[in-house]
Amino acid sequence: MKILVPDYYPEFHCIAGKCRHTCCVGWEVDIDEESLARYRNYPEIPKEIEGAETPHFRLTEEERCPFLNQEGLCELILRHGEDTLCQICRDHPRFRNYWSDRTELGLGLVCEEASRLILSRPSPMKLVILSDDGEDEALPEDEKWLLSYRERLMDAIKETGPEARLWEYLLFRHLPDALYDGRLDERLSFIRRSYEEITALWDKSDGKLESLVEIARRWSYDVEYDEEELEKRIAES
């Protein structure tokens, strides 16, 4: 199994306290079983966890993670290192596309730093191999076709600058799920309409890259990270 990533992926780093829209506010973070077991070794952590069926960190009245300090930094990392983080916190803002012979890792626009990195790239996105166990799996014909089709769509992008990078992102993130639900046409329509919505809002702004970054980040928060809204938009496309 190979792991492939966009060529910009290794450049991403959380900007922590400099982030204006921290993922540690307003997000209820569910805790995986492995992390939950590990947290029993730290006396200050279990008391900030609630929910017997789905354990998660108890947010403050300001909807902040209890371990987010006033400088916008994570106290768990400061006290015990990054390995203390649960799976969701380690993964965000990453997403995965699964194929028979590979897993693709990407960065979501919902993170302002990821959005800035993606939309400011001067050259087309290329996939690079992050790791390879040397064992090749056979790729079914439908997956071969969809991979080739996505590549042709990306090669056909005529826009330049941030618009091209936005097209690439939407195709890279949302087209592979057609393998699971068979809704290729609906997903293509959703991608096109999403592109038009984001760029139309940008046209009404000052036209600066930072404005597009914020528009894309907000759109991602409202659509990509809201399962009901995402499903609704794909179904209506």
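Q: Where is Glu-63 found?
A: Glu-63 sits in the loop between β3 (56-57) and α2 (75-80). Strands are DSSP runs of E, at least two residues, and helices are runs of H or I, at least four, numbered from the N terminus. This is a predicted model, where local features need pLDDT of at least 70, side-chain atom pairs count only at pLDDT 80 or more, and totals for chains, interfaces and linings use all residues. Residues are numbered from 1 along each chain as its sequence is written, and side-chain values use heavy atoms, with hydrogens and water left out.

Q: Which residues is Glu-63 in contact with, leaving aside neighbours within four places in sequence?
A: Cys-24, Val-25 and Gly-26. Contact means heavy atoms within 4.5 Å.

Q: Why does Glu-63 count as partly exposed?
A: Because its relative accessibility is 45%. Buried is under 20% relative accessible area, exposed over 50%, partly exposed in between (1.4 Å probe, protein chains only).

Q: Switching to Thr-103. Buried or exposed?
A: Thr-103 is buried, at 12% relative accessible area. It lies in strand β5 (residues 102-107).

Q: What does Thr-103 touch, not counting residues up to four places away in sequence?
A: Met-1, Lys-2, Ile-3, Leu-4, Arg-96, Asn-97 and Tyr-98.

Q: Now the second largest pocket. Which element gives the most to its lining?
A: α5, with 6 residues.
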